[in-house]
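Here is a short report for a reader meeting this structure for the first time. Have the sequence and the model open while reading.

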Amino acid sequence: MKIVITDCDHASIDIEQAVADAEGAELILGNGTSPTEVIASSAGADGLVVQYGQITAEVMDALPGLRAIGRYGVGVDTVDVEAATARGIAVCNVPDYGTEAVSDHAIALALAVNRGIGVLDRGVRAGSADLTPSQPVYTIAGRTFGVLGLGAIGTATARKAAGLGFEVIVTDPLLEPGTTAEGYEVVDLEELLRRSQVLSIHVPLVPATHHLIDAARLGTMRRDAIVVNTSRGGVVDTDALVEALRSGQILGAGLDVFETEPLPADHPLTTFDRVLLTPHSAFYSEESYAELKRRTIQNVVDVVAGRTPRNVLNPAVLAGTGA
């Protein structure tokens, strides 16, 4: 059994190696993300573990023994799932590993932007005690926290926001406006945007959600609103967000994900005092990091060994394989 990690910027792969050793699998670490680089490093692979690597139909056709692709994380936007399914290749993710870490991060960004922590910190370091750059600052109690997407992470974020004293409202395509879910008022997207003073985004990036938050929708938001995105950068139209911040249409933003990653150092988003930026790190805690690494490779190993993995996006491909 040969498993190739196509690319990985983690400090070590000790956890993955331990899983591979326990299964008697050969583990190879590649260092490329383009299809050409992935093909070059993955000859003879039974399974791939992917971080940013582009796993296209071309890659799959060049690796005839490939049976499983596992991605570090929830999203699989770097993997052509349709092509994999057509070729009988299982695609696995880890959809629930970072629920507490990501929801913690979303809350932290919301609070820090609301309190102007970033600009105050920079002021103190420069010898200033001026509060003006952080204003306005609002008390949490009674402010409206809108959750877009009530999956596991959205639900955890809503719970934490409510515990802090926010009034929580939610929207999700699977929920009927006018009802309640998890004890929260369900509204449609338009109402969520109109009412929210914090908008926290928790939806996957699929064609229907690409630029879901665009110029028109930003234009309906409150001028004291904060946009928090810990899902995928492409859900928000970056150019429209920059313009909304520049014009004062919204107050600020806390962003962990971007349409271009890493975010260029000279990007316009870096120029706003009431914008906090983190490098796609919301997933990280010591606990979630270890769980992510272990479960990602375990899913792949299980498929190759003929077992049913804990998480698979296209389970029909396992029929008749013994898994």
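## Two helices in contact

Helix 5 (residues 99–115) packs against helix 7 (residues 152–164) at an angle of about 45°, and their axes lie 8 Å apart. The model is a predicted one. Angles from 65 to 115 degrees would count as roughly perpendicular and those under 35 degrees as roughly parallel. Helix 5 and helix 7 are therefore oblique to each other. The crossing of helix 5 with helix 7 is right-handed.

The table lists the residues that make this contact.

| Helix | Residues in the contact |
|---|---|
| Helix 5 | Thr99, Glu100, Val102, Ser103, Asp104, Ala106, Ile107, Leu111 |
| Helix 7 | Ala152, Ile153, Ala156, Thr157, Arg159, Lys160, Ala161, Leu164 |

By type, the residues of the contact between helix 5 and helix 7 are nine nonpolar, three polar and four charged.

## The annotated domain

An unreviewed UniProt entry places the feature "domain: D-isomer specific 2-hydroxyacid dehydrogenase NAD-binding" at residues 107–282. Over residues 107–282, the chain is 30% helix and 17% strand. The end C-alpha atoms of that stretch are 11 Å apart.

## A salt bridge across the chain

Side chains of opposite charge can pair when their charged atoms come close. The whole structure holds 20 salt bridges.

Technical notes. Residues are numbered from 1 along each chain as its sequence is written. This is a predicted model: local features need pLDDT of at least 70, side-chain atom pairs count only at pLDDT 80 or more; totals for chains, interfaces and linings use all residues. Side-chain values use heavy atoms; hydrogens and water are left out. Axes are lines fitted to C-alpha atoms, for helices over the stretch in contact, and angles run from 0 to 180 degrees between N-to-C directions. Helices (H or I, at least four residues) and strands (E, at least two) are DSSP runs, numbered from the N terminus. Angles under 35 degrees count as roughly parallel, over 145 as roughly antiparallel, 65 to 115 as roughly perpendicular and the rest as oblique. A crossing is left-handed if the near helix is turned anticlockwise from the far one by less than a right angle, and right-handed if clockwise. Contact means heavy atoms within 4.5 Å. Ala, Val, Leu, Ile, Met, Phe, Trp, Tyr, Cys and Pro count as nonpolar, Asp, Glu, Lys and Arg as charged, and the others, Gly among them, as polar. UniProt positions are given in the numbering used here, feature names are shortened, and annotations may be inferred rather than shown by experiment. A salt bridge is a side-chain nitrogen of Lys or Arg within 4 Å of a carboxyl oxygen of Asp or Glu.
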